Amino acid sequence: MNYIILDLEATCWEKRDQRPNETIEIGALLINENKEIVSEFCQFIQPKVHPTLSDFCTKLTSIRQEDVEQAGAFPQVITAFQQWFGYGEEEYLLCSWGKYDKHQFQRDCDLHGIDKSWTDQHISLKHQYAEIQSLKRPIGMKAALNREGLSLDGTHHRGIDDARNISKIFLQYYGEWRYL
């Protein structure tokens with residue numbers, strides 16, 4: 001079983017409105033059954049519907065307009081991502097801090113006419129962490145790291161850095177996660 005610890009960054013605006021978010025970065029770590037980080041995946045994605053990043057999005061994520069302009073489209077990047085984690089060849093479980101990432105993948109797949117059933121193999125570490133810790137409600141990744149005495153490394157709201165930080169919590173509670 002390969003555990004894919006992932007975090008997505010998406011287009012965003014300071015004020016919520018009807019504009020759809022689109023993934024602009026996939027950051028992920030592949031962890032095997034021996035609790036070893038085997039490899040990392042980090043790619044930017046060029047948004048289709050709203051190709052220009054908002055100032056708010058750039059400030060929040062540190063992802064620049066030129067990063068996404070030089071990136072591949074979602075169909076190409078998602079194919080590379082699936083090949084990277086062995087989709088169709090290896091058993092896998094997508095693990096993210098909350099359900100947002102799964103839903104964002106599904107929205108992007110719908111937008112591009114791609115089958116989204118591959119996202120069904122997913123768990124929310126955020127919600128399970130709250131259960132493991134008997135918290136009244138789920139907490140953010142940064143708060144969970146603080147609670148565990150773990151450092152927040154890298155840039156918060158960068159997919160690859162957040163995936164690395166989530167993996168610390170994943171590994172700390174490796175035997176306690178409930179899988180599908």
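## Exposure and the model

A residue counts as buried under 20% relative accessible area, as exposed over 50%, and as partly exposed in between. Arg164, with a relative accessible area of 34%, is therefore partly exposed. The structure is a predicted model.

The whole structure holds 9 salt bridges. One of them joins the side chains of Glu40 and Arg164, with an N to O distance of 2.7 Å. Glu40 belongs to strand β3 (residues 37–44) and Arg164 to helix α7 (residues 159–172), so this pair ties together parts 124 residues apart in sequence. Glu40 is partly exposed, at a relative accessible area of 39%.

## Two further salt bridges

Arg178 pairs with Glu131 in a salt bridge whose closest N and O atoms are 2.7 Å apart. This pair also links distant parts of the chain: Arg178 is in the segment after α7, and Glu131 is in helix α5 (residues 125–132), 47 residues away. Arg178 has a relative accessible area of 47% and is partly exposed; Glu131, at 48%, is partly exposed too. Elsewhere, salt bridges with shared partners join Glu40, Asp161 and Arg164 into one network.

Asp110 and Lys116 form another salt bridge, with 3.1 Å between the closest N and O atoms. Asp110 is partly exposed at 47% relative accessibility, and Lys116 is partly exposed with a relative accessible area of 33%.

## Negative surface patch

Glu33, Glu89, Glu90 and Glu91 form a negative surface patch. Of these, Glu90 sits in the loop between α3 (74–85) and β4 (92–96). Glu90 has a relative accessible area of 45%, which makes it partly exposed.

How values were computed
Residues numbered from 1 in each chain as written. Predicted model: local features only at pLDDT ≥ 70, side-chain atom pairs only at ≥ 80, totals over all residues. Heavy atoms only, no water. Patch = residues over 30% accessible without salt bridge, like charges linked within 9 Å, V, L, I, M, F, W, Y side chains within 5 Å. Areas by Shrake-Rupley, 256 points an atom, 1.4 Å probe, with all protein chains shown as cover. Salt bridge = Lys/Arg side-chain N within 4 Å of Asp/Glu carboxyl O. Lys, Arg positive; Asp, Glu negative; His and termini not counted. Charge placed at Lys NZ, Arg CZ, Asp CG, Glu CD. Helix = DSSP H or I, 4+ residues; strand = E, 2+ residues; numbered from the N terminus. Buried < 20%, exposed > 50% of the residue type's maximum accessible area, 1.4 Å probe, protein only.
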